[in-house]
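Here is a short briefing on one protein model. Keep the sequence and the 3D view open as you read.

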Amino acid sequence: MVDFILSAHLVNALFTAGGIGICSLCFMHITSSVHLRKEVRRYFQFFFLLILFYISTHLARELLNGRAGEGARIALYIITFAEFLSAGFMAHTMSILVLAVAQLKKKATIRAAILLYAFLFIHIVILIACAPNGLIYQFNDENRYVAGKLIFLSYVCPVNMLITDAVLLFMGRKKIDKRVNSAFWIYLISPIPAIILQTLGKGKFQFLIFATVLSSVYMFSVIIQNQNDKYAKQQLETSRIENELNMASSIQSSMLPNIFPPFPERSEFDIFASMNPAKEVGGDFYDFFLVDDDHLCMVMADVSGKGVPAALFMMASKIILANNAMMGKSPAQILTDTNAAICSNNREEMFVTVWIGILEISTGKLTAANAGHEYPVLKQANGNFELVKDKHGFVIGGMDGVKYKEYELRLEPGAKLLLYTDGVPEATNAQNELFGADRMLAALNQNCEASPADTLNHLRSSVDAFVKDAEQFDDLTMLCLEYKGKQ
């Protein structure tokens, strides 16, 4: 009989030591995993620390079991109490996870949480009341562990937690992945036969230790695999979205004039433009094209919003504006008709600010209209860049039936015209300061005689130097025209 007891303690010690090693590896794997969400990682770290504490106290009891001396006896009682106490906390921690994944209604979740905490409280009370009296466990004269008459009381609350978990899993079965749900059920069911066998064997073989370690590791491996599968799907989806956005950006860029010089055979003017979207695709756009041999149309616009919706609205607006301009209409009529077309089917209630001008190349007369856009900047020959504070009409797409007015400017040979979107004056640095119109004019006037391309490059460099490492929040689009007149 003594040999059987010794062999039982040896087997328990060996298997418990193996369980500590396995759980330690799992804990390190959880800590190093980058695919797990922070909440999931922290939960499993805490859960496996509880398991490690539980089986470590059991191993310490096995190693001290049978050691002589009052100090060893006191240590055995303390360690065993901690072992039984941690078993209840393990069951409670598992129950909290099941409650979270079940995704019940708020009232049901609160009631279940109260019940689970009540079970934990009762478990603690039972241990405090019965453990010192030897009703749950005791140590004989040789300091060997002996199961008490009421040892089953130490399993009452953990088993009730497992039953509650089973009910929660059944209620939330449709919201839980099938593999994860199966792993939960294995974890819940495995302790029941282990507790029965351990009770019948009077605690000689710690079947609960084996069941807990094996089912925990299996549950962990399934959840990790599930998280890895989700991560792989997310990566594929992210890659697909990135490819589509890159394609959309390429399509958007190809729709804007991007070959410079665009009219190498025309010596009367020089023009350059650029667009830098805040996201992969943006809502700003510029356009310029010859309506006929003596008229150059220029457009600068800014769509409300960002990203793909703004880009789609931008493409539609650009096409409508260009079609109206090619019909020989005046700038005011182009805006009026464009607004009517967009308002007739604008369920998303988006809008676009537009500045449009038509330059009579032979004379330098510029006829323009403004639908809520930024002021243009004009530099006459031998002068400085200054804002042209034109009268703004209402934004395109904002309200049907709006009529727009136009005005005229006379460009002398050597004059320059700058068009831009609000991404330039509203560029913001880390101190939340705006670049502003004054800094924009100061940057332009540093080299008034620069070519259109150099003018835009210098202005962009000035914006970047001001913003520094702050994130670009808005699209940054510019166009510069130099009127040279007849050569």
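Which residue in S6 is the bridge partner of Leu 296? It is Leu 359. This is a predicted model, in which local features need pLDDT of at least 70, side-chain atom pairs count only at pLDDT 80 or more, and totals for chains, interfaces and linings use all residues. Residues are numbered from 1 along each chain as its sequence is written, and side-chain values use heavy atoms, without hydrogens and water.

**The sheet**
- Five strands form an open sheet in the order S4-S5-S6-S7-S10, with antiparallel pairing. Strands are DSSP E runs of at least two residues, helices H or I runs of at least four, numbered from the N terminus; two strands pair if DSSP finds at least two bridges between them.
- S4 (284-292) and S10 (406-410) are the edge strands, each with a single partner strand, so one side of each has no neighbour in the sheet.
- S5 (residues 295-303) and S6 (residues 352-360) run antiparallel, joined by nine bridges.

**Helices across the sheet**
- Helix H9 (residues 307-325) lies across S4, S5 and S6, at about 15° to S4. Angles run from 0 to 180 degrees between N-to-C directions of axes, which are lines fitted to C-alpha atoms, for helices over the stretch in contact (heavy atoms within 4.5 Å).
- Helix H10 (residues 331-343) lies across S6, S7 (365-371) and S10, at about 25° to S7.

**A helix pair**
- H4 (residues 106-130) and H5 (residues 153-171) pack at about 170°, with axes 8 Å apart.
- H4 and H5 are therefore roughly antiparallel (over 145 degrees; under 35 is roughly parallel, 65 to 115 roughly perpendicular, the rest oblique).
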